[in-house]
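I opened the model to go through its sheet, its helices, its pockets and its charged pairs. My notes are kept in that order.

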Amino acid sequence: MEIPSWPLTVTAINAAKPRDKPYKLADGLGLYLLVAPTGGRLWRMNYRFLGQQKTLSLGSYPEVSLAKAREKRTAAREALADGQDPIEVRKAKVRKAKAKSEETFKAIADEWLARLEMEGRAPKTLQKMRWLLDLAYPLIGSRPIADLTAPELLEVLRTVEVRGRYETATASAAPSARSFATRSSPGGRSET
């Protein structure tokens, strides 16, 4: 005979007091709340992947509510149904977000300038390119390149034009666009 499993309630979670040893409050389908002796309440989910028992951390209560923990459990179970390990799915998301945040306009522009220098461009040309890109750095230098849009690049050019430097704005369009195209092209690198 199967023992009925009652889903957790917010009242039961709030009433959970720390004990000498950690203990679990089960919600169902692998989800449980681990109550630590220090009073911390942590959401966990046990599952099996390729015959191996694994535990997925879903956050702490009350930062992650009961409803949100159940949503995360559902997402993890969907990943399992697709043949993916939820822990590896999470790690891939973190790696992707980290890579995206590290690929700023300034980082890509500096990489592009270094490549031009290795190709043997004239020092005067490189100096002019750096000066033109320096005009864009205060506005978009720290932004991830993948998040930049054409209107934002246009805004940079307009701020230069407002100062009455029309030729400078026109000249700065080329290196800004080339830096932008470096990551926008297939394979992540441009041929320029």
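The entries below record what I looked up.

**Ground rules.** I am working on a predicted model, in which local features need pLDDT of at least 70 and side-chain atom pairs count only at pLDDT 80 or more, while totals for chains, interfaces and linings use all residues. Residues are numbered from 1 along each chain as its sequence is written, and side-chain values use heavy atoms, with hydrogens and water left out.

**Sheet.** I took helices (H or I, at least four residues) and strands (E, at least two) as DSSP runs numbered from the N terminus. I counted two strands as paired if DSSP finds at least two bridges between them. Four strands make an open sheet, ordered β1-β2-β3-β4, with antiparallel pairing. β1 (23-28) and β4 (52-61) are at the edges with a single partner strand each, so one side of each has no neighbour in the sheet. On average, neighbouring strands are turned by 30° against each other, direction ignored; axes are lines fitted to C-alpha atoms (for helices over the stretch in contact), and angles run from 0 to 180 degrees between N-to-C directions.

**Strand pairs.** I found five bridges between β2 (residues 31-35) and β3 (residues 41-49), which pair in the antiparallel sense. Y32 is opposite R44 in β3. β3 and β4 are antiparallel and joined by nine bridges, and M45 stands opposite L56 in β4. Their hairpin has two residues between the strands, and L50 there takes a positive phi near 55°.

**Pocket.** Which elements each supply at least two residues of the lining of the largest pocket? They are β4, α2 and α3. The lining includes L56, L58, K72, A75, V89 and K93. I read a pocket as an open set of points on a 1 Å grid over the protein atoms alone, where a 1.4 Å probe fits, with protein on both sides within 12 Å along at least five of seven lines; lining residues have an atom within 4 Å of a point.

**Charges.** With a salt bridge defined as a side-chain nitrogen of Lys or Arg within 4 Å of a carboxyl oxygen of Asp or Glu, I count nine salt bridges. K68 and E71 form one at 3.7 Å, N to O. Being three residues apart in α2, they are separated by about one helical turn.
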